[in-house]
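Please read them alongside the sequence and the coordinates.

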Amino acid sequence: MAKDGVKLVVVESPTKAKTIRKFLGKEYVVESCMGHVRDLPQSSKDIPDKFKKEKWAQLGVNVDKNFEPLYMVPKEKLKVVKNLKDKLADASELILATDEDREGESISWHLVEVLKPHVPTKRMVFHEITKDAIQKALKDTREIDFNLVKAQEARRILDRLVGYTISPLLWKKIAYGLSAGRVQSVAVRLIVERELERLKFKKSSYWGVLAQLKKDNVEFESRLLSVQDKRIATGKDFDGTTGKLEAGKDVRILDEKAAKELVARVKGGPWTVTEVEEKPMSRRPSPPFITSTLQQESNRKLGLSSRETMQVAQKLYEQGFITYMRTDSTFLSTEAIKAARESIQSKYGKEYLPPAPRTYEGKKAKGAQEAHEAIRPAGSQFVDPDDTGLSGQQLKLYDLIWKRTMASQMVDSRQKQVSAKIQSGDALFNATGMTIEFPGYLRAYVEGSDDPDAELQEREVRLPALKARDAVTCAKLDPTDHETKPPARYTEASLVQTMEKEGIGRPSTYASIIGTIIDRGYVRKGGTALIPTFTAMVVSKLLFHHLPQFVDPGFTSEMEESLDTIAEGDLDHEKYLKSIYFGPKGLKQQVESQEKEIDPGEARTIKLDGLDKYSFHVGRYGAYVTTERDGQNVSASIPDNESPADTTSEGIEKLIDQKINGADALGKDPKTGLPIYVLTGRYGPYVQLGDVSEDNDKPKRQGLPAGMEPDQVTLADALELLSLPKTLGEHPTSGKDVKVGIGRFGPYVVHDGDYRSIPKGESLFAMTFARAMEMLNQPKKGRGRAAPLKEFAKHPDLGEVIQLMNGPYGPYLKCGKVNVSLPEGATPESVTEAQAIELLREKAGSSPQGKKALKAAKGKTAGALKTARTPKAKAEAMGVKKVITRKKGKK
């Protein structure tokens, strides 16, 4: 060990390491540990042999020995740990620079436990990656905070105990592979309860009258308010569970007949303004972003999921563009306020600056994060979005954060609200308008909303100058019919909002919670709505009836408070875990006692409001419905995309009729003479050629594309679908077929295994060879992945196009299945094609996967040479970029 060696700085990701290196001298070596280096075992094969026979082994936590966790280094991290140990051997000091929250503190502690350093070890924390922040953090190092470590460890153990104790109960009573979680099950319950509210909802209809009035050649809308001094009922007057007026409401319900009679009676006027009220209003800007509000706004404005938002924010933080993105504090530092005020004055003008800086209390919610400042642009001078060099989602999210921070330090918006009452006969109408007198912070930012009607309030609605006793004319008068709407399903934004309000989980975990319940089939997305599956309904029912404590938002919130108390050093984590797991009301005892009480048949079954004669079940192959027909039990599969609250008796009867009687044929295939059907299965509607028989147990089937309804399918449509995949023509270079078809992810075109999704709005039936070639020539965009930053020619050895990609750990080169990171100092702008070829060649020769790719490429080249029909095609198969041919008679 060298006493005068370099100082080893360890961070979580290569991108973060690369950014920090720019601010440190040559005496520092910055390495990435790639996240956690130790964790509880993920499966039984990870458990060391000496512990496998222990009764607690599957939990990975010795519950009989002070809840001692069994930590291990995952196989994929062995190389990382070895590299860090090698670097530490030549270091004179170890500096742990992981994130400043509980998880970051935990990673630092695990690094010390694994690396066992024999040199001075320091903990370095910062909430932004700028030169000043890094230099300051180096001067103000501290020890590892063991209270934070214990709080994080208690959280990890608690999640393991709940998940690994309740999940096996679900396997036995409902279906194998289901999972429960301390926070995920509560989130599912919230979504299921909203679906149950929608099921109980009774629709009400009512009528109104809309007038288009005119004054001084300015038209404006006015709605019926009352008739004969009695207010007209609107949607908010009805009880959603009964469909009737709420008790105590003294209003009049208009039906169609009464609305039309009123229109005929009052249309001729005269129309007179009876009252005008003007009210000045001012609105304050929202505070700068915290984790939860960033996720909500990003979902509303940019359409990003919570998971995508946090991934993009992580990249922005690691590149030094924003402050740390896991925080519950709305506080802005003096430096940040000064930077914001300077930007506001230069970009918007002095009139947009308040006399004194705005301050927001650093209030923390339950389960708070440890970061001490809001999410804002990093540094003492905020970089304008146009000057960042960012693109795509990173630019959009940075722009959102920049604008929100600017707005939080700007003056109020001043508005004028105008309300006018207009009389015609015995009917009183109301017109409202709003004008912005001074935009203030709205110049920079308007907050989004989950309610489209609420967004209308942000728009200016100008009324003409009106005063009492003014006469107006009626240009148009129409009766309007309305229906009450069921409670809206949760979106990601509204679910995050509710979880934060209830104290369920932590903002830093919301993204993974929502991702988990979608990935595990409890919830699917319909547009922006989160829709529970029948599996979610069944699981939530079992947990609510048999283990209510563990899906109770209040109890989960209390857990978060206890973990906070552990972080503050005021609660012993072992005593707390013991109180949750052991004892008559503890998790272990409750699960063991309830297991004997739960009947599997009943556990797999639910009843839905309004559909009493049907029973819904979850089985090995998904959800299905049962009922009685002629004294016999009959059943039918329910499509995976069926929403519980949208299920109707008509739809169920159609499924059952199809199961019992088979479907009526659309017609016959002119080539084979076989009947063609439109059917519905577990994965949705499809067309089928022929009947299922002993000789043909798998007749040809093809799913319907999105937007095509089963009852709209014609015989011509079915024949088109059954012709898929259809050949459009031969590729000019390879001579192989270019085809169009429908797959798991929708319509596509394909050539030699190279797929492109057909954009929404384009018909696969109208796809031409020219359009398919145009799509195939575009850079490929994977599901959820960005397009390449740059593309080079095909690699001479690997035979695939070289792409420069931007990954979670920074830019890298990709060629088929071979990936290699850019070397130290190289940037996407500076890397050349020659460098890319050499880097990939070196990587391919040194890894088993790379060697396989080389071997496959040689075989592919040989095959391409055999099928190539022209000198140009043969040259391209060998990787030659340009072919020079001689014309006859010329040298």
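Is S413 buried or exposed? With a relative accessible area of 0%, S413 is buried, where buried means under 20% relative accessible area, exposed over 50%, and partly exposed in between (1.4 Å probe, protein chains only).

1. Basis of the values. This is a predicted model, in which local features need pLDDT of at least 70 and side-chain atom pairs count only at pLDDT 80 or more, whereas totals for chains, interfaces and linings use all residues. Residues are numbered from 1 along each chain as its sequence is written, and side-chain values use heavy atoms, with hydrogens and water left out.

2. Overall description. The chain has 25 helices and 31 strands; helices (H or I, at least four residues) and strands (E, at least two) are DSSP runs, numbered from the N terminus. The C-alpha trace spans about 95 × 85 × 80 Å along its principal axes. Of the 891 residues, 48% count as buried. Among contacts (heavy atoms within 4.5 Å) with a separation of 6 or more, 66% come from residues 24 or more positions apart.

3. Surroundings of S413. This residue belongs to strand β11, which covers residues 413-424. Not counting residues up to four places away in sequence, S413 touches M281, S282, R283, F438, P439, G440, Y441 and L442. Its side chain also makes a polar contact with the side chain of Q415, at 3.3 Å. A polar contact is a pair of N or O atoms within 3.5 Å; within protein, one must be able to donate a hydrogen and the other to accept it, and residues adjacent in sequence count only if both atoms are side-chain atoms.

4. Surroundings of R142. R142 is found in the loop between α4 (131-139) and α5. Its relative accessibility is 29%, so R142 counts as partly exposed. The side chain of R142 makes a polar contact with the side chain of E105 at 2.8 Å. Leaving out residues up to four places away in sequence, R142 touches E105, K122, R123 and V125. R142 and L655 are separated by 513 residues in sequence and by 66 Å in space, C-alpha to C-alpha.

5. Packing of α5 and α15. Two packed helices are described by the angle between their axes and the distance between the axes. Helix α5 (residues 146-173) packs against helix α15 (residues 534-546) at an angle of about 120 degrees, with the axes 12 Å apart. Axes are lines fitted to C-alpha atoms, for helices over the stretch in contact, and angles run from 0 to 180 degrees between N-to-C directions. The two helices are therefore oblique to each other: angles under 35 degrees count as roughly parallel, over 145 as roughly antiparallel, 65 to 115 as roughly perpendicular and the rest as oblique. The crossing of α5 and α15 is right-handed; a crossing has that hand if the near helix is turned clockwise from the far one by less than a right angle, and is left-handed if anticlockwise. I166, L169, L170 and K173 of α5 make the contact with V539, L542 and L543 of α15.

6. Packing of α8 and α9. Helix α8 (residues 291-302) and helix α9 (residues 306-318) pack at about 115 degrees, with their axes 9 Å apart. This angle makes α8 roughly perpendicular to α9. Their crossing is right-handed. The contact involves T291, L294, Q295 and S298 of α8 and S306, T309, M310 and A313 of α9.

7. The four-stranded sheet. An open sheet has the strand order β16-β17-β18-β19, with antiparallel pairing; two strands pair if DSSP finds at least two bridges between them. β16 (605-606) and β19 (632-637) stand at the edges with a single partner strand each, so one side of each lacks a neighbour in the sheet. Strand β18 (residues 622-629) is joined to β19 by six bridges, and Y624 stands opposite S637 in β19. Helix α20 (residues 649-661) packs on the sheet, touching β17 (615-619), β18 and β19, and its direction makes about 105 degrees with that of β19.

8. Strand β22 and its partners. Why is β22 described as largely enclosed by the rest of the structure? Five of the six residues of β22 (residues 684-689) are buried, so the strand is largely enclosed. Strand β21 (residues 675-681) pairs with β22 in the antiparallel sense over six bridges, and the two form a hairpin with two residues between them. L679 has Y686 in β22 as its bridge partner. Three bridges join β22 to the antiparallel strand β23 (residues 701-703), where V687 stands opposite Q702.
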